[in-house]
Amino acid sequence: MSSIKFIPPQTDDVDKYTTRANRQDPFWLLIKDTFILIKNLRFLPLLFLPWKSEAEKNQSAASTTGQKQNPFSSFLNLGIQILLALLELIFLILFIPALISLPGIIFFAAALLCFLLIKLITWPTQGPRILLSNMDTHTSQLAAQHQDEKWIFINGICT
């Protein structure tokens with residue numbers, strides 16, 4: 001007679017290695033998420049006006065000269081972004097049928113025209129390519145310690 005060995009389950013206890021969210025009732029999680037959403041609704045308008053600046057000279061504003069910012073420039077930028085989103089959605093929807101039905105050179109010309117149109121529309125929203133920052137006293141003292149280093153900021157991140 002052969003002996004049979006018991007093999008324990010390969011999974012660990014649920015309580016040890018899963019988050020509390022995986023162990024709770026989904027309805028209770030929905031209620032908690034709803035409260036979090038309601039608490040953060042006050043930030044919703046900031047999603048639609050991210051370009052507004054209180055600074056006299058906003059260095060990264062859409063104007064290329066760094067002049068005093070036009071109070072309607074954030075609405076202009078918002079309108080341009082909405083227009084771009086709609087145009088790009090239309091272009092994406094039309095891309096596959098155009099690729100299938102149009103001859104190669106005509107499709108290439110249409111795609112190039114769409115690219116140039118989008119580039120032309122985004123042109124007013126482009127800020128200056130190089131920003132020179134005005135540092136406060138503490139930051140300038142820290143920068144003086146690292147004068148031999150060259151820092152590059154890409155999308156606001158120092159590398």
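Among contacts (heavy atoms within 4.5 Å) between residues at least 6 apart in sequence, 56% in the protein chain join residues at least 24 apart. This is a predicted model, in which local features need pLDDT of at least 70, side-chain atom pairs count only at pLDDT 80 or more, and totals for chains, interfaces and linings use all residues. Residues are numbered from 1 along each chain as its sequence is written, and side-chain values use heavy atoms, with hydrogens and water left out.

The protein chain has seven helices and two strands, taken as DSSP runs numbered from the N terminus (helices H or I, at least four residues; strands E, at least two). From the N terminus, the order is α-α-α-α-α-α-α-β-β. Of the 159 residues, 11% are buried; buried means under 20% relative accessible area, exposed over 50%, and partly exposed in between (1.4 Å probe, protein chains only). The accessible surface of the protein chain is about 14,500 Å², with 67% belonging to carbon and sulfur atoms; the Shrake-Rupley method with a 1.4 Å probe gives these areas, and for residues only the protein chains shown count as cover.

Helix α6 has 19 residues and reaches 27 Å from first to last C-alpha, close to the 27 Å expected at 1.5 Å a residue, where the expected span is 1.5 Å times one less than the number of residues.

| Group in α6 | Residues |
|---|---|
| Buried | F107, I118, I121, T122 |
| Exposed, on the face turned away from the buried side | I105, F108, L113, K119, L120 |

L116 also lies in α6 (residues 104–122). L116 counts as partly exposed because its relative accessibility is 47%.
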